[in-house]
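Take a walk through this protein model, from its overall build down to single residues. Keep the coordinates open as you read.

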Amino acid sequence: MKDSVLKLTYTREFGTDPILGIAQSSHDFLLLASDSGSLHHINKSGKEDAPFGTFEDTHFSCIDTFLNPKADDLVVGGTSNGCLIFTSIQSQPSFKIVDNAHTGCVLSVCISVDGSSVVSTGEDGLVNVWSKNGVLRSTLYTSTDPVLQCEWINEATLLCLCSSDLFVIIPVQPTHAAMEWKAPISNVTCFAHCPNSVFCVMGNQAGQIAVSDLDGGLQRSIEIVANNEITSIAISNDETPLIVAGFHGGFALCSVLGEVQSLIMDWKLETVTSVCFSPSGHRVSIATCCGIIKSFFISKEYSAGGQCFHRNEMCYEYYMHSKPDNRVSLLINEPVELIAAQKKHALISAKNSLFLFDLDNTETPLHHTFSPKVHVMHIKASKSLFLVISSDFSIDVFNQNLKEVSSLRLNKLPDANLVDISDKHICFVNPAQPSVAHFVSTENGKPSAHSVTCIGIIRKVSIAPDDSQLFIIDKNNDLHIAPITALTNPEPEHSIFKLQTMVSSAKWHSSAPILAVLHHGEINVFLDPMCITLEQTLLEKTIDTISLPEGMSTAVLLSFSNGYLSLTSSTIGTRKTTPPGVQFLLPYPSFGALLYRLLARNNSQQALRLCQYVSQEPLWTILARWSLINYHADMAERCFAELKMIPYVLYLRTVQTYETEIAQKAEILLLLSKVDDAVTLLLSYGLIYRAIEMRWKTGDWMGALELAAHQRKHVDTVVYKRQLYLQQLQTTETNEKFMKLNERLQVNPEEIEARIEEELSNEKALTESSLAL
């Protein structure tokens, strides 16, 4: 056992009766069911006043609980003689026993994510759905083999293990057909799935764990103990999920990337029959067939803004990456759970409380809040705000005084990876729409009318620190980027771009829109990901590639700031003594972040000097796109010349010959693929011909014709210019509208050219008069 990862908090013995099921209830209490028919409810210290319930001639086989933030927790247990027992955790609980729920042993029970439904499976091959009061609703599926286990994918779909190799996805609605898929590993004994996530984990008789898509696609496999059957498995529901797997004589804790963080071998435990995590994932508990319960605290590292936080049982140790030996404890005297950090502040949850610390003065918390009935599930931070996700499905935003700024409530608990916060927006993915990222204002909690839609199911979202863009990782591990600023005037076909495939993890820089991506054993740093909106060639010039040391193929990016990339891995290079889960720093130059700081202050001349001094293509690319966005055509030309992108240089030289600043800005908007914005700008200053020309220059002849008809001007010009265009292509007209106009209109080329010349010569006067108004 690695003491740096797991710390034993208590051991409790219940005679020699096997403990066949454990489940987590509210406030860190643990519920367990024994083979002798007893239900036990023990606190975080392993203590219990008396058995929660005892049933004669009953042998429990499985159990599940629902953490109800508004009432008592729901408990459902299955027995070896086919009964179901429904109850709730209260001072004087009542029990409802459903006899003959199954023929033979009940093999699994699982409560839905909203607590309204219960599914049970048994040796008789039936998959039954019950109300929370124990009323049979329907038999969804019948198998010729015993249905070994069942989990809810979401509130409308089930995932069942029907034999050692066959999984079945069963919709609750009878109008939809069940879908079968074969397990990616043979002889599966158990599996686990986090509600609303896009993968599941499974164990088999050979001691292997597999991480699989929900259609059977294998992501990775891990060998825990060769030829030692995995008897139980669970996965935590947090931002960096962990897997705990029990087997004969021990259990293992590992990440979904295959990193074994701790391996406990103790033959006195005999077979581990059940495992579970606490709701926040900070504690893991195991039950054995010899009546022993053990609970462990999981030590964990957290990185943010060049700072590192190491979770111990009663405190977080805080230190700078550059000074790992200079540690300060954020002491609470309560078992700590979660943390989120800014540059100067850290927010810690413990039990039902939130503690805010000033990192310059860590002796006592600045502020403290307490909520007796709500459990904090996830915490996140932006530059100046904190986001708290609670067990009552609420998302609350707090400022640095721990005062609530805004709040919203969802229909179900969101996955931590599917929610993020910036100073202006909350981004979240509703499990009912797993391919859509929604936005909410942090100021008032009101939803935005716009959203970002991904082709696949979204697995992770993250907002850039400057609130300019969002990255999305989908279930296929493809990385997408979407501009947030475009949400005010979205163009759906251009609102999301695929950046890279087969991504292991990704992190924004703490202060700049620079993205680090772990991909095939190397780190790609995109210094300006939004260059993809211009062209792929320009994007490639922004990429820095860093090779990882040997043995870090399973690394995870933790943070990116202050000249360092922070990673964790099971082994680092050839240093075999390095324990799993520790952090490793890779130095990375801060020139990109410095350039963004200069540009944020509009200090373009200092930015130009920095690019000249460093003389690297990624920096020139950042300055080039910034110059275009801010209409500095001369500086953009200089940057593209340094990048040796001659077509851009020639185009920008032509743009600078235009007499009016408005015409120049419109051409730059066209270069940025903002055609509608360019047309609107030109029309607002009365430059009608320029606006119509902008449409046909981009190949939108019908748009040019419609605009001319709307303005009641230059219809014949559009027809004439299209005739010249088709003559150059040596082809004939096929568009019906233009064919009819050719027959009806008398096109006079000399008159049209004279009219265009007159309008172009009057551009300056038109622009000046519009500005005066």
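This is a predicted model: local features need pLDDT of at least 70, side-chain atom pairs count only at pLDDT 80 or more; totals for chains, interfaces and linings use all residues.

Residues are numbered from 1 along each chain as its sequence is written, and side-chain values use heavy atoms, with hydrogens and water left out.

Start with the whole. The protein has 14 helices and 55 strands. Both are DSSP runs numbered from the N terminus: helices are H or I with at least four residues, strands are E with at least two. Along the principal axes, the C-alpha atoms fill a box of roughly 105 × 65 × 45 Å. Of the 773 residues, 57% count as buried. Buried means under 20% relative accessible area, exposed means over 50%, and partly exposed lies in between (1.4 Å probe, protein chains only). A contact means heavy atoms within 4.5 Å. Among contacts between residues at least 6 apart in sequence, 44% join residues at least 24 apart.

Now turn to helix α4, residues 617-629. Its 13 residues, at 1.5 Å a residue, should span 18 Å, and the end C-alpha atoms are 19 Å apart, which agrees. The expected span is 1.5 Å times one less than the number of residues. Of the 13 residues of α4, 11 are buried, so the helix is largely enclosed by the rest of the structure. The buried set includes Trp620, Arg625 and Trp626. After α4 comes Tyr631, whose phi is positive, near 60°.

Next, a helix pair. Two packed helices are described by the angle between their axes and the distance between the axes. For α6 (residues 646-655) and α7 (residues 661-671), the axes come within 9 Å and cross at roughly 155°. That makes α6 roughly antiparallel to α7. The axes are lines fitted to C-alpha atoms, for helices over the stretch in contact, with angles from 0 to 180 degrees between N-to-C directions. Angles under 35 degrees count as roughly parallel, over 145 as roughly antiparallel, 65 to 115 as roughly perpendicular, and the rest as oblique. From α6, the contact uses Tyr648, Tyr651, Leu652 and Val655. From α7, Gln664, Glu667, Ile668, Leu670 and Leu671 meet them. The residues of this contact divide into seven nonpolar, one polar and one charged. Here Ala, Val, Leu, Ile, Met, Phe, Trp, Tyr, Cys and Pro count as nonpolar, Asp, Glu, Lys and Arg as charged, and the others, Gly among them, as polar.

Which rings pair up? The structure holds 11 aromatic pairs. Rings of Phe, Tyr and Trp (its six-membered ring) pair if their centres lie within 6.5 Å; planes under 30 degrees apart count as stacked, over 60 as edge-to-face, and the rest as tilted. Phe55 and Phe95 are edge-to-face, 5.1 Å centre to centre with 85° between the planes. Phe55 counts as buried at 11% relative accessibility, whereas Phe95 is partly exposed at 33%.

Phe471 and Trp508 form a tilted pair, 5.7 Å centre to centre with 40° between the planes. Phe471 lies in strand β46 (residues 469-474) and Trp508 in strand β49 (residues 503-508), so the pair ties together parts 37 residues apart in sequence. Phe471 is buried, and so is Trp508. Elsewhere, ring pairs link Tyr689, Trp696, Trp701 and Tyr725 into a cluster.

Finally, some loop residues. Asp165 is found between β15 (157-161) and β16 (166-171). Asp165 is partly exposed, with a relative accessible area of 25%. Not counting residues up to four places away in sequence, Asp165 touches Trp181, Lys182, Ala183, Ile185, Ser186 and Asn187.

Asn187 lies in the loop between β17 (179-182) and β18 (188-193). Most residues other than glycine have a negative phi. Asn187 has a positive phi of about 55° although it is not a glycine. Gln730 also has a positive phi of about 55°. Gln730 sits in the loop between α11 (715-729) and α12 (736-744), and is exposed, with a relative accessible area of 75%.
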